[in-house]
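Hi,

Here is the structure I said I would pass on. Have a look first, and my notes on what turned up in it follow below.

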Amino acid sequence: MLIDKINYDRLTPMMRQYVDLKKENKEIILFYRLGDFYEMFFDDALLASKELEIVLTGRDAGLDEKVPMAGVPHHSASAYITRLVDKGYKVGIVEQLEDPATAKGIVKRNIVKIITPGTLVDMEGKDSQNNFLLSIYNTKDSFGVSYVDITTGEFNTTEIINSNNIERDLIDLIVKVNPKEIILNKPIEFKSFTSYINNYNIIISYVDIDNLDIKNLIKNISGKIKRYDRDFFMEKMFSIISSSMLLDYIYLFRNDTLEHIDNINYIDTVRYMKIDAHTRENLEIHKNLQDNSKKNSLLSILDKCDTPMGSRKINSWLEFPLINKSDINTRLDMVEYLTLNQDKIEKLSATLSSIYDLERILSKISFKNANARDLLNLRNSIENLPVLKEILGTMDNKHYHNLYQNFDTLENLFNLVNSSIREDAPFVITEGDIIKSGYSEELDNLKYESTHGKELLLEYELEERKNTNINKLKISYNKNTGYYIEVTNSHISKVPDHYIRRQTLKNSERYITDRLNQISEMILGSQSEIVDLEYKIFSTIRDEISSNSTRIKLVTDIISTIDVINNLAKIAINNNYTRPIFNDENYFRIKDGRHPIVEISMGINEFISNDTVIGKNNKIIQIITGPNMAGKSTYMRQVALIILMAQIGSFVPASACDISISDALFTRIGASDNLAKGESTFMVEMNEMSNIINNAKDTSFVILDEVGRGTSTNDGYSIAKSIVEYMSKHNKSKTLFATHYHELTDLEDILPNVENLKVDIEESNQDIVFLRKIVKGKTNKSYGIEVAKLSGLPDEIIFRANTILESINDNQIVENAQLNFIADKNVNIEKDILIRELSDIVIDNMTPIQALDTLNKFINKAKDV
Ligand code: ADP
Ligand code: MG
């Protein structure tokens, strides 16, 4: 039933109100408050009944047929909302804005809150993941990009200006942030953007920016963000606008301040190692290529943090590897200290693991969603801070000492919660039993009154038993009747006149008296006051904590840093890593390097380590040949991962590692295709290649795996060769290039900065054994058939394949390519020969005919050269 097609005039007033709202908010699922339920109608109802598995009913709306309706009870709505938002929908909460009892006519209703994937606060069970909401201020040739995780308060911004490839820079950033929702001022027309949005099902919202007056915007931001450096941001115009867009969006329908979002962090992209989105994917830094989960990613190896805050931080370190040597060494110094003082690791771990996710608790507090249990969790976490500080105090190292000095143990907040919140406080905060006695005099007085009332009640019961001579007279309470006196039928005759009968049961009668009413008012009245007051006190405590957000966040940052460092130290010891050192001479020298992920999946000592020397003696491009499955790809990734690990401040899988700092990592790996994204494999390959050629510098590290594979052999070979020639002349990046074009190895003799490596194998008859060792030299055979043999193909096929191979060896395309190459190289030699032969001719001894013949011969020769 389409909402636009229905007969509006016939609708009931309530349904008209609904339809009016819905027409303005078509893309939002409206949760429409009716009594104790949130109802959905029309298409929303159909969708919700399917997605939430709730019953679809109908409601009379004044039309011929009922309109589809589905609803959820208001007290359990949040679970349903979370489910819808998790699936990528936006939900709008429509509440009654007036009291139905006093409203004239139809009760006013409106949207009071919109919940979207980026503004979902309820992140139960997703502790270690960020949930970013990202905004882009799009001016076509520049972008301001800001992103916030409202469940932790992390708020970052950056600008993409003066970029030579703005599309790529933007998409790289988006992939890195991995937002759940994006806010735009106007559409972004890049193909890569559209396909990303579609692939990951990301919600896009548009906002208007009506005022571009920077002063005004800064004022707007400063009003919401406490730690905001106006002077610094004055020049970051694009960032100001995107941040303002973001803040307006999260403050929509909100008047109070979100205290935990108190700081905007400007990310200066030139201060970090560049790793584009493809390289990130290819190196499986955060997710594996198989199922996009964290399993078997570098992150999974490097994240054994004790707190969710640490897990989020190591993830962000992997997103932003450093390029400043002293910053990296600070981290490494700290890791090293712990590897040398291992007793501290255990102690830190024990303390850290009893600290809850303070960032998430703080966000709940700031959103006024936290209950008493959350405050107890906060207190229990804070309780560990002095212990943590004490451990830091015993660490004889200037970096830890700095942390020690800045470490705020939040004692007053501990005392606040500890003195106020009952240990057995319930989850609900509106039914009392939250506040400890002794915390509030007013509350204690009320409670005294209530207890006193209960004492009076007992006295009154005894008195009445005596007065009436009814031993079994009993005073009881139930919700409907309140307090009453109960007398069994056999004693009814003794009931005095002033007893007022309330209820007759089968075996007894229930009465009230004036005195009983008096006492019960004392008890019940103070009880409801108690509940109200407890809620009020609780809210004040919660707000008090909220107003300390900045302090909590500062210490949280220290805690997560210690957690990450401690984690890296633990891993370094367990996995037998070594501390990298950094040279300024633009070379890598790695001894016994290992692939951090493959070695773990293989079991102890099964992985064969390899040395790497590149950049020394001017050999910057290494061409790696070897049969399929020999270990080329693994080796190249291993070097890239070691570089990356070193630059986040981690120890590395090697026995020694002396490297220069890389400004960027580039990879072009395999024939992984983006068919889903509508690009052909070869096109992707060439796009990647052109990105590398345009951006890789002499301080960049590049791995090229089988470049050229995606097209015909001749084309592929020609492109591969010209790429190596070009890079050796222009980019001069340290480059590992694995290839199945053995002919490329001839470049070693021609280009001074190119050298050949191969993965060693042992050959016996027609069998090969993989040795997994990278050595100098080249392979000039592809061993395809030998490898096929290892796979268990029938002997008949292997035998026949060998026969075919021999028969076609002479006219195969690859051979043509090889001949071309040789011809290419021989041109100069042939010219030399020609010249020498010419100068050797002695004309005097020739007849004219002989001379003409000779001349003719040389003309033909010259034509061939
Ligand atoms: P290539 O790129 O030469 O075809 P890969 O790098 O894909 O070969 O390696 C193939 C397999 O060999 C890997 O999946 C891994 O199991 C194994 N392997 C590679 N390198 C090593 C090594 N250094 N030590 C042990 N096994 C290795
Ligand atoms: Mg390979």
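One definition before anything else: buried is under 20% relative accessible area, exposed is over 50%, and partly exposed is in between, with a 1.4 Å probe and protein chains only. Keep in mind that this is a predicted model, where local features need pLDDT of at least 70, side-chain atom pairs count only at pLDDT 80 or more, and totals for chains, interfaces and linings use all residues. Residues are numbered from 1 along each chain as its sequence is written, chains are lettered from A and ligands numbered from 1 in the order in which they are written, and side-chain values use heavy atoms, without hydrogens and water.

Salt bridges to start with. I call it one when a side-chain nitrogen of Lys or Arg is within 4 Å of a carboxyl oxygen of Asp or Glu. There are 38 of them in the structure. Take K697 and D663, whose closest N and O atoms are 3.7 Å apart. K697 sits in the loop between α24 (681-695) and β24 (701-705) and D663 in the loop between β22 (656-660) and β23 (664-669), so this bridge ties together parts that are 34 residues apart in sequence. (Helices, H or I of at least four residues, and strands, E of at least two, are DSSP runs numbered from the N terminus.) K697 is partly exposed at 46% relative accessible area, whereas D663 is buried at 13%. Elsewhere, R227, D262 and K553 are joined into one network by salt bridges that share partners.

R360 and D149 also pair up, at 3.8 Å between the closest N and O atoms. That bridge links distant parts of the chain, with R360 in helix α14 (residues 358-366) and D149 in strand β8 (residues 143-149), 211 residues apart. Both partners, R360 and D149, are buried.

Next, the aromatics. Rings of Phe, Tyr and Trp (its six-membered ring) pair if their centres lie within 6.5 Å; planes under 30 degrees apart are stacked, over 60 edge-to-face, and the rest tilted. That rule gives 19 aromatic pairs. In one of them, F232 and Y266 have ring centres 5.5 Å apart and planes at 65°, so the pair is edge-to-face. F232 is in helix α7 (residues 230-233) and Y266 in strand β12 (residues 265-266), so parts 34 residues apart in sequence are tied together. F232 is partly exposed at 37%, while Y266 is buried at 15%. Y499 and Y511 make a tilted pair, with centres 5.7 Å apart and planes at 55°. Both Y499 and Y511 are buried. Ring pairs also link Y18, Y32, F41 and F42 into a cluster.

Last, a nonpolar surface patch. Patches take residues with over 30% relative accessible area and no salt bridge, joining like charges within 9 Å and nonpolar side chains (Val, Leu, Ile, Met, Phe, Trp, Tyr) within 5 Å. L852, L855 and I859 form one with about 300 Å² of accessible area together, the areas coming from the Shrake-Rupley method with a 1.4 Å probe and, for residues, only the protein chains shown as cover. L852 belongs to helix α30 (residues 848-864) and is exposed at 59%.

Cheers
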